Structure formats: C-alpha cells, structure tokens
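I opened the model to look up how its chains meet. These are my notes, in the order in which I made them.

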Amino acid sequence: MTRFDVVVVGAGPAGSAAALTAAQAGASVLLLERGPFPGAKNVHGGVIYGRVLDDLVPRWWEQAPIQRWVTRRSLMMATGAQALSVDYRNGAWAEPPYNGAIAYRSEFDSWLAGVAERAGARLVCSTTATALLRGPDGSVRGVRTDREGGEVEAGVVIACDGANSLLAREAGLRPSGSAEDFALGAKEVLALPRDEIDRRFGLTGREGAAMEVLGCTADVPASAFLHTALDTVSVGVLVPAADLARSRIRPEELIAEVKAHPAIAPYLRGAELKEYAAHLVPDGSRAVLPRLAGPGILVCGDAAGLVLTAGPWLEGVNFAIGSGIAAGEAAAAAVRAGDTGAAALAGYRSRLESSFVLGDLHRFRDVPHLMRSERMRRYPRLACDAAERLLTVDNPRPKPGVTTVLREVAAAHGARMRDLARDGWQLLRSFG
Amino acid sequence: MRVAAALKLVDLRPDVDPLTGVVRESHRRDAHTLGVSPADQAALETALRIAEARGGEVAAVSVGPPAAEAVLREALTVGAARAVRVELPTAGPHGSASSATVAAALASVVGPDGPAPAELVVCGDASLDRGSGAVPAFLAEELGAAQALGLVAVSAAADGAARPGERGELHAVRRLDRGHREVLRVPLPAVMSVEAGTAELRRAPLPALLESTDGRVETALAPAPRTGVSGFPQRAEPFRPGPRPLPGPDPSGDALRRAIAVTTSPAGRPPRRTVAAAPEEAAAELLRYLRETGHLRGG
Amino acid sequence: MTMSMLDRLRRRRIRRSARREAGARPERDAGGRGDAPLRPGRGSADPAAGRRPEWSEYAFGDRMATVEFRVQDEPHIVVDTAACQACPGQPCVTACPADLFTPTADGGIVFNHEQCFECGLCRLVCEGAGGDAITWSYPRGGHGVVLRWS
Ligand SMILES: Cc1cc2nc3c(=O)[nH]c(=O)nc-3n(C[C@H](O)[C@H](O)[C@H](O)COP(=O)(O)OP(=O)(O)OC[C@H]3O[C@@H](n4cnc5c(N)ncnc54)[C@H](O)[C@@H]3O)c2cc1C
C-alpha cells in the first residue's frame, strides 16, 4: 500500500493550504480531490480575504487569478420598496497588500492547489475518499478511495472535505449535522460587459464592489450579496436551512426576489445567466466541532464548521486557509516527532485558539443567532421607515425631531425606545 | 497485437452565442474545459480491451498542441503503454488542420515505418467540436487498411484469431438507418471508428495515478503535407446553424396580437391535420404540405 | 388523514407556482400577489413586502442547463419513497435548489440524481423533518457537478 506522511482530503482552500504547509515543512503529502479539478465543486460569494496568505505565498497577489480588488463595500437594509445603504469606498484597497479579492473558485482553488503541487504535494483529482482506514487501536491510519488499489496509508489524515464532511462524521468528531447548523447559499453568475459593470457600480480598472443586503426577502431571514468580477456579477442569497425548509419558498425564487428589488434591479438589467449554483455553509457559531482532532486525524475549514457568519458578512475562505495552515504545521510536526496520537495533535487546536480563526469565531459567536431573531429582523424595515420620515419634506408641516421620529417608528413596529437601546447595545456587544 | 487509439484534444464546453451561433472567446473560463470527446474515450477503452483480449499493447496518439499531453498522460494512467503527440509542421492553430492533414500526421506515427506501428487504429467517430468524422477514413486510405466506421460494438474476443498463423479478424456492429444493424468481419490491418457509448472508459487505479508520467509522452513531427493533392476545402467561419424561414404572425397586427399568435397554437399557423391515405398519396400530400409551408423549395 | 390530504394539495399548488414560467403565469389577484394564498405565513400586512418579480426570467430547465454535470449511471443519493409517504411536510420538494424531488400521486417522492449540486441540503431537511428517507453520498470521483463561474 502506498504511504504518505500526510493525506489531505479535499483541495479547497483549507486542503491546499494544509498540503502546502505540510509539504513546505518537509512531509510527503497526498492531496485528494473528488472533482475533475480543484474548485469544480466549490461555491463562494466571490470575495476572498487573502492577507492570511502573506507568509505562505509571498506576493500571492501577483500570481493568484484575481478578477477585481474590492474597493467598495456596502451594506444595504431593504424592505420591499425602500433601501438604506451604508457605502464605504477606499481606493487604497486597490493596491498591495489589498483587502478583498474577487475570484472564481474554479480558478482560485486550482491555483492554490498548484502552489501546493509545486511545493512537492501530490495532487490527485477525480478521486473521492470514501472511508477512513483504522489501526487496531481505532486510530486513523489512512483513507480508502473509490479507485482500484485505492487505499493509502497516512501518518496523519487532514479532512478538508467541506461542509458535509463525511470523514469528520465517520471519525466520530462530528455529530450528524442538523438543519439548524447550516445555511444554504444559492447564487447566480450573471454576465455583463466589463465597462457596463464599471459604469453601474462606479468602478475603474480592477476595482470591485461587494454589497451585502439585509431584509429584501420578506418572509425568510435570508441575506443577499452582489459581488462584481471582471465581466460577471454574482448575486445570491444565504438562508438558514431550517428557515428555508419551513418557508416552502424555492431558493431560486429568493434570488429572483433579490434581483427584482428596485434598488438592485438597475445593477443587473439585461445580464445573461452564466451559471447557477448552490452549496451549504456551516453556521460557525453553532457548527464548530467540539473536537477538531482525533488520533491520526485533523479537521479543517468548512468540514470543522470554521466559518465566520456575522450577519450579512460571511468569511470562510480565509478561515479555511488559516485552519489549513495550522493543521499542516501540526501534522508535519507530529510526523516529525513520530507521534500522531490525539495528544500530539492537540497542538492544532491551540494554534487555532491563538490565531484569528477561533479568536474571531469566539468573539462573534452570538451574532448569527441574534441576527436570525424575530426582534432583530424588524430593524431593516425600521431603519428604512425612519429614513423615510426624516428625508420626506412635507411642508408646510414642520420637520419632526429625530427622537420623535425614532419613537414613532419604533412604536409603529411594536417596540419602545428602551428596546432599541437594549438591542443596539446587545448588537454592539455581540460584535465585540 | 499492436493497437493505437487516436485522441483529439477538444473544448468540451464551447461557449456558443445563442443568437448567432458564433463561438465566443471572451466569456470563457478556459481552465479545465479541454479534454477528449466521449467517442474518443470509447475508442481508447475499445483499444485497451482488444489489446488485452489479444495480448498486445496500446499506443495513444494525438495530433495536437502541447496541451494535448495532458490527455495522453491520462491515457497512460488507464493502461496505454505508450503515448505520442504529433506536432503538425504547418503553422496555424491545430484545430484548423484539415482531416487529410491530421490523418497523414497520424499515419506517420502508426504506419509501418512510424515510431508506433499498429495493426489496428481505433478512433472516435466524430469529435465534439463538430468534427466531420472524416479523419478515420482518410487514415485508412493513408495506411491502405480496411475501414469500419461508425461502430456501436466491437467484439474484443479473438474468435477469428484462433487459427495459428492468421491475422485474426475482428467482429464489429455498425448502426444503419431505421434501426438496422450490420455485423462486420474486419480484416487487419484496419481503422475503426466507434460511437460514444460503445464502451465506458475505465478509471485509472490509484497506484497508476501516483506513478509519475514525466517524460513518458513522446513527440513526433509530422512530415510536410504531400504535394499532388490540390488541397481541401477549409472552414471559412465558425459553424452556425443555417437560418430557415418560419411562418410568422401577421406583421400588421399589434404587439399583443402577434405575441398571442406566436405563443398560442394553432392560431396563426396552419392547423394540425391527420391524413389517412395510401402510402403514395400520403407521401405526395406530405411533400405538398412541406412546399406549402416553405420547408421545401422547388419542383 | 384530512390534514395530510390538505397538505398534499397545498404542496402541489406550491410546486406548480414554483414551476411557473414566463408567459404561463396566471392573472394576478387584485392585490397584485397572485401567489399569496399559496404561501402560508407570507406577510400580508405590508403589500410592498415580499415583492416577487412579475415573471421569472429563466425557465428552470434553462437555469439548470447553465451547469455542467458529468452524470454517473448509478444514483449517488437514494430516496426511500415508502418513507416519504409518511412524511407530512416533504420539505425536500421545495428546498432542493436543483428541484430534483417530485411528489407523486400516491404521496411518495421520485428523485432524479442527474442534476444534483451535491450540496447535502436534502439530507438535512429530511432529518430535520424527523425522516431518514435519504441515503446520501457523493458520486464517484470526477463525476457530478462541475462549476466554472462560482
Ligand atoms: C453562497 C456562498 C457564498 C460564500 N461567500 C463567501 C465569501 O464571499 N467569502 C468567503 O471567504 N467565504 C465565502 N463562503 C464560504 C466559503 O466558500 C467556504 O467557507 C470555503 O470554501 C471553505 O473552504 P474548504 O476548503 O473548507 O471547503 P470547500 O471549499 O468546500 O472544499 C472542500 C473540497 O473537498 C472536496 N471533497 C469533499 N469531499 C471529498 C471526498 N470525500 N474526497 C475527496 N474530495 C472531497 C470537495 O470537492 C472540495 O473541493 C461562501 C459560501 C457559499 C456557499
């Protein structure tokens, strides 16, 4: 049977980062991917926060297949007919070290896997890991794949197999996931001429826009996003799986609802559908595995539930890479020391705790729950109504004062000023 | 027995403008769209099975750019013993070479004097990128070999080969019109082309994938095109479906009426009709109808 | 008994509304929300809420045709339709982003694996509804969905 020091399952950002790190540390590494190429099965909204790569791949921005650099971020609160936006622009984000990168996963994931290959990792695509191999003591000793002669022995298996992680479940690290722990992301990629995108979103050169929208899907606590690539815009929704099932609304209908919103439709008019896709997102506040390591196995990225879901903001790729790096280091160190037992691999968790990965997840742990609450969901509408009252000039009536408007609008939504203050404080606290 | 499989690198997901039929270059994620057609995969599998049944080796051959080496490496992982990429001597994009040129290039490799001589060459019957299926025919001509084209089944069993000293025939099935099948006995040397679905390409075992294929793809340069042939017609523009006039709604009607006319049947179109008649009369009636509706022109 | 019949009826209507394509939309109610009665729980207090486009710009088949699938012969997901007959909500029917679960007249489900995103949502909502009708796995390596623009 073939043997590698480290077998990484899944060539998403977590897997490629783990393979690259372990290979750089001198381990022999096999990187298995079930898609015909890395990224073929993967979906994101569009934005990758790449600073986590700075040490691993120096000057990564010169080689990575990046479409645009985010220089405009906005948060829109919407009702059926109104929209209130906070729009932030920063031209400096179009220069190194950059802040957010917009890329296609088919290209980005293939690129990162290629970096791992060049560092010595062996990438094998079109191969699904179907089971774990175990030693007599129950520790993980390798994986079985769906190919003839497909068993591979490993010092450490790193499961980077995404949100559904069948391997983490098989290892007994993940309880059978529940609908409450996941959201569905569904998106469309729409083609528009590049200069048309520049004009509509107010961009030049490689500048890109990332917009998040709250409240424009009436009956489901979905958030929506719009991200610009060079000549496509991706638009999609993130909706808690349990809420989607309860609502009996189809995912593509939610996207249609977003696209039809009067504040969003003008951006997309006349665009042509290039691809429709859907994927699960673990809710990082709930789905983080209590145990991230077992004897002979580590779990990273989406497979471990390491995704930051703070309201409309979603960061998964950077968390996947961050955890992959930590796992690659821990695995290589354990192999070098000749001990891959659970205790020897426990260093993985402490690495994550001292990094942004578990730090941020811990800090924002209350946000997703709070954002889904009935109380919080009325705020987009409340904010829009307050804006309407403040911005409507109905002379000869005199202008109302801001506190009056707030009090009246709050009352109309069945809340008191005291509730507003309390929720505001709670929201502030949950964001740390 | 030496068998060769001819594989062509094609774009598996061409982005075709739905209105003009023109293949677009701009909206292309070109990474990972190149590969071999299902028919070529079936050809490789057929070649492997025959070589196994008769004891022999398969050489995978591709006339194409350096990018074609990826598909040749894959052929090595599923069991091809050799892989040869043939470079055309002429400048110009590989896809634009004529069937005769490609066949001559293949023949220079798999012919008796080539680096990978073969008694049997298996090709896909037509590649995905609107290939005409003419390469195997030209190749048979070049090699002076028997040709059996458009096959749906090839029996790898050596039933004709049992007699010692004889170069065994192969049995193959070809699809004919109206659901008929034709069983062929194919003498060697031969060129075959198979339809997609004739055989599903096997998956490479993991150890084969882990073995390095570095340096195992050979390259050959095809000889300059023969003189004497005046030339072959070349495709002047990309393939596009031909326009055909269809009866439309009355242009003088208002927009609503026209929309109704095209979306509801049968208003605005000739009503559906069932004709019960003797075959000759029915045929005459059909012809008359096709002329009337503009689908047939003349006489 | 009556409950489940009612439910099934509603499901069928929901499904039909989900399938409605351009041009095939029935006329709208006076309130402008022809589908309102089909959606229990959709807010009716605010007429501007839940604005739906007047038509969906892509027929569902066209939408799925933008995605490449390297179809494997054997299904990688198996649905136990007998178990579905006992399921009151059948949430998979509306939740599946590829619309692969179709209710049958006898209260069961037919499932087609060919255009599956392999997202795993069906398994979650099935278990969430207290069911275990879905045997879920990935297709063989190299098969199934291939995304290029996502
Ligand atoms: C709609 C949507 C929008 C998002 N937007 C953003 C965003 O804007 N920014 C952001 O940072 N994050 C975003 N995310 C989250 C982000 O996409 C994920 O967190 C990230 O992809 C996780 O990386 P990963 O490597 O852990 O898993 P994945 O990217 O899912 O990779 C897992 C890999 O493992 C492979 N695999 C799985 N099982 C097996 C097996 N058994 N054998 C072999 N291979 C296997 C898969 O094919 C895949 O390549 C979004 C997610 C969605 C769904």
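**Conventions.** I worked on a predicted model, in which local features need pLDDT of at least 70 and side-chain atom pairs count only at pLDDT 80 or more, while totals for chains, interfaces and linings use all residues. Residues are numbered from 1 along each chain as its sequence is written, chains are lettered from A and ligands numbered from 1 in the order in which they are written, and side-chain values use heavy atoms, with hydrogens and water left out.

**Chain B.** I counted seven helices and 11 strands in chain B; helices (H or I, at least four residues) and strands (E, at least two) are DSSP runs, numbered from the N terminus. Chain B has 299 residues, and 36% of them are buried, where buried means under 20% relative accessible area, exposed over 50% and partly exposed in between (1.4 Å probe, protein chains only). I then took the contacts (heavy atoms within 4.5 Å). Of those in chain B with a separation of 6 or more, 68% are between residues 24 or more positions apart.

**Chain C.** I found five helices and six strands here. Read from the N terminus, the order in chain C is α-α-β-β-α-α-β-β-α-β-β. Chain C has 150 residues, 50% of which count as buried. For contacts in chain C between residues at least 6 apart in sequence, the share joining residues at least 24 apart is 64%.

**Chain A against chain C.** I listed 61 residues of chain A in contact with 57 residues of chain C. The two chains bury about 5,000 Å² between them, 53% of it on carbon and sulfur atoms; buried area is the accessible area (1.4 Å probe) that two parts lose on being put together, summed over both. R248(A), R250(A) and E275(A) supply 16% of the area that chain A buries against chain C, more than any other three residues.

I counted four salt bridges between chain A and chain C, a salt bridge being a side-chain nitrogen of Lys or Arg within 4 Å of a carboxyl oxygen of Asp or Glu. One of them joins R34(A) to E118(C), with N to O at 2.7 Å. Several elements of chain A each supply at least two residues of the side that touches chain C, among them α2 (105-118), α6 (251-260) and β15 (272-282). β15(A) gives the largest share of that side, nine residues.

**Chain C against chain B.** Here 11 residues of chain C are in contact with nine residues of chain B. The buried area is about 780 Å², 44% of it on carbon and sulfur atoms. I found one salt bridge across this interface. E200(B) and R140(C) form it, their closest N and O atoms being 3.9 Å apart.
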